[in-house]
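Here are my notes on the model you asked me to look over. Have a look at it first, then read on.

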Amino acid sequence: MKILIVEDEVKTGDYLRQGLREAGFVVDLARDGVDGLHLALDGDYHLIVLDVTLPSLDGWGVLQTLRHSGRETPVLFLTARDQVEDRVRGLELGADDYLVKPFAFSEFLARVRTLLRRGRSQEPEVLRSSNLELDLLRRRVIRSGQRIDLTAKEFALLELLLRRQGEVLPRSLIASQVWDMNFDSDTNVIEVAVRRLRAKVDEPFEPKLIRTVRGMGYVLEALPPARG
């Protein structure tokens, strides 16, 4: 899941980005309203965390432009503005939630997950290929009836492969979606991660699902769910 934070307070922005990454999310951070709006319009985000008081363009303007453009990405306002009229304005402009600073990160994370679940209400809760199942809500992977423990990054990588099964995913796309980084041809982080994922979800089982396409990337074969 990919989240955009638009926050000009350096410590707050860095704190939120680190906390969400540790919780398994891919996170982008913008420091002003103009950059935040540009990312929000061009990026494929599942949630936007938005401050109200921002340089260049305030949060009201960011949200208003976003909604006028037809974007329905869930927005969580996170701001020190605690007046009732501010909350009402934010919700009337199209925000999905409003949390006042200072805040407890546990409450913030709970609200983030609630909004993401709400946004995924039309999406499947379980992704499948052959005898492999990935449960998005329970964060659980099962193959041939066996529970498989994955790290947060391994889970995110497998989720990406399953969501786009049958499609060859280049290393650059995997790097940006799972590691939130630009692909560097000198690093083997993706190859190592795919190898470790295969060792857990592919090598002990049949059929083999994850395939390397030389010079292009990786693909998870689109096979119908196993019966019984």
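This is a predicted model: local features need pLDDT of at least 70, side-chain atom pairs count only at pLDDT 80 or more; totals for chains, interfaces and linings use all residues.

1. Numbering runs from 1 along each chain as its sequence is written, and side-chain values use heavy atoms, with hydrogens and water left out.

2. The open sheet has 4 strands in the order S6-S7-S8-S9, with antiparallel pairing. (Strands are DSSP runs of E, at least two residues, numbered from the N terminus; two of them pair if DSSP finds at least two bridges between them.) S6 and S9 (146-148) are the edge strands, each pairing on one side only. S7 and S8 (residues 140-143) share 4 bridges, and Glu133 has Ile142 in S8 as its bridge partner.

3. Ser130 sits in the loop between S6 (126-129) and S7 (132-135). Ser130 is buried at a relative accessible area of 11% (buried means under 20%, with a 1.4 Å probe and protein chains only). Beyond its neighbours within four places in sequence, its contacts (heavy atoms within 4.5 Å) include Pro207, Leu223 and Ala226.

4. Phe77 and Tyr98 make a tilted aromatic pair, 5.9 Å centre to centre with 55° between the planes (ring centres within 6.5 Å make a pair; planes under 30 degrees apart are stacked, over 60 edge-to-face, the rest tilted). Phe77 is in S4 (residues 75-79) and Tyr98 in S5 (residues 97-100), so the pair ties together parts 21 residues apart in sequence.

Notes. Buried means under 20% relative accessible area, exposed over 50%, partly exposed in between (1.4 Å probe, protein chains only). Rings of Phe, Tyr and Trp (its six-membered ring) pair if their centres lie within 6.5 Å; planes under 30 degrees apart count as stacked, over 60 as edge-to-face and the rest as tilted.
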